[in-house]
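Dear colleague,

Here is the structure I promised to pass on, with my notes on it below. Please read them with the model open beside you.

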Amino acid sequence: MTRDMAKEWKALLFTLPAIIPLIVFWIIPLGTIFYLSFTDWDFMSPVKQFVGFDNYVYLFDNPAFYQSLRVTILFCLGSVLPVMAGGLALALLLNRSLKGAAWYRTLMFSPWVTPTVAVSIVWSWIFEPKVGMANTALRWFGLEGVGWLQDTKWALAGVLIVTVWKLIGWTMVFYIVALQNVPRELLQAGELDGAGSWSKLRHITLPLISPTTLFLFIVQTISALQAYDQINVLTQGGPAGSTRTLLYMYYQSAFESFDIGEASSVAVVLVIACMLLSILSFAISRKTVHYSS
């Protein structure tokens, strides 16, 4: 064995502590799900009947799949964009030398460290139609209360409010760190050139924090595709499927209908969607993301 080969084997040995969990907890389960998507299995029978692409044919002919896909897209748009925009706005506000800014940062970040189930239970009380705080506040302004979690027109909005409220502080922390790393010399140079606050934000700050924006966009999008806890506690995918995302459809197929083949095909579609979104994001980032040297 040559010296170079010995070095390669030694390097591989040092990577084993990271590679083994990746294989055991990611690659093997992913391969298993891919295999199960071509079978008909009820989770209990010892026999898994191979059915080829029948699960995918049924899935793409199922109107419930397209309804769940639409809800998933709306959920991603309605959570990712407000979370990122709100997090950036809060970061710009609290990055200044304001009295008590540290306390406000802690207060805004606290929902993220609170378990999603606990947060969702509290919000289910807030959204209670008759005595909940949300409708009570609306009546103070002379408005009629709405069925936040019981009405098909409002249920998804209610889930989105909870999701944005929980995640916006986490996004804010990342943006604050990114803003603090913007070179002050560039901002001062912009002021000398006559740039106002908006011009400095648009032409200096936003390009320099674009790597953080890309990271948050990918992470938040994947998180939105995997949202489950708040949907399960607040609406259980209802009413009438108005809050049933693809992941919740996977849960219902697997653990309510015990149709593992259909559930696995939904999971494969979700994995492919995550991969395509990540690839698309990185492709767009080549022209929009600026990395400082």
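Ala240 is found in the loop between H11 and H12, where helices (H or I, at least four residues) and strands (E, at least two) are DSSP runs, numbered from the N terminus. Ala240 has a positive phi of about 60° although it is not a glycine, and it is exposed, with a relative accessible area of 66%; here buried means under 20% relative accessible area, exposed over 50%, and partly exposed in between (1.4 Å probe, protein chains only). The loop between H11 and H12 also holds Gln236, a residue other than glycine whose phi is likewise positive, near 55°, and which is partly exposed at a relative accessible area of 45%. Pro239 lies in this loop as well, and the peptide bond that leads from Gly238 to Pro239 is cis, with omega near -10°.

Before you go further, please note that this is a predicted model, in which local features need pLDDT of at least 70 and side-chain atom pairs count only at pLDDT 80 or more, while totals for chains, interfaces and linings use all residues. Residues are numbered from 1 along each chain as its sequence is written, and side-chain values use heavy atoms, with hydrogens and water left out.

As for the chain as a whole, it has 13 helices and two strands, and its C-alpha atoms fill a box of roughly 80 × 75 × 30 Å along the principal axes. Of its 293 residues, 38% count as buried. The chain exposes about 17,800 Å², of which carbon and sulfur atoms supply 69%; accessible areas come from the Shrake-Rupley method with a 1.4 Å probe, and for residues only the protein chains shown count as cover. If one takes the contacts (heavy atoms within 4.5 Å) between residues at least 6 apart in sequence, 68% of them join residues at least 24 apart.

Setting aside residues up to four places away in sequence, Tyr175 touches Met84, Gly87, Leu88, Ala91, Ile209, Thr212, Thr213 and Leu216.

Ser264, in helix H13, is buried, with a relative accessible area of 1%. Its contacts, leaving aside neighbours within four places in sequence, are with Ile33, Leu36, Ser37 and Tyr250.

The buried residues of H5 are Val119, Ser120, Trp123 and Ile126, and, seen down the axis of H5, they fall within an arc of 110°, so they line one face of the helix; the arc is that of the directions from the helix axis to the C-beta atoms. Among what covers these buried residues are helix H4 (101-113), helix H6 (133-140), H7 and H11. In helix H2 (residues 54-61), Asn55, Tyr56 and Leu59 are buried, and they cover an arc of only 95° around the axis, which puts them on the same side of H2. By way of background, an α-helix has 3.6 residues a turn, so residues three or four places apart point the same way.

On the surface, Leu13, Leu16, Ile20, Leu22, Ile23, Val24, Phe25, Trp26, Ile27, Ile28 and Leu30 form a nonpolar patch with about 1,000 Å² of accessible area together. Patches are made of residues with over 30% relative accessible area and no salt bridge, like charges being joined within 9 Å and nonpolar side chains (Val, Leu, Ile, Met, Phe, Trp, Tyr) within 5 Å; a salt bridge is a side-chain nitrogen of Lys or Arg within 4 Å of a carboxyl oxygen of Asp or Glu.
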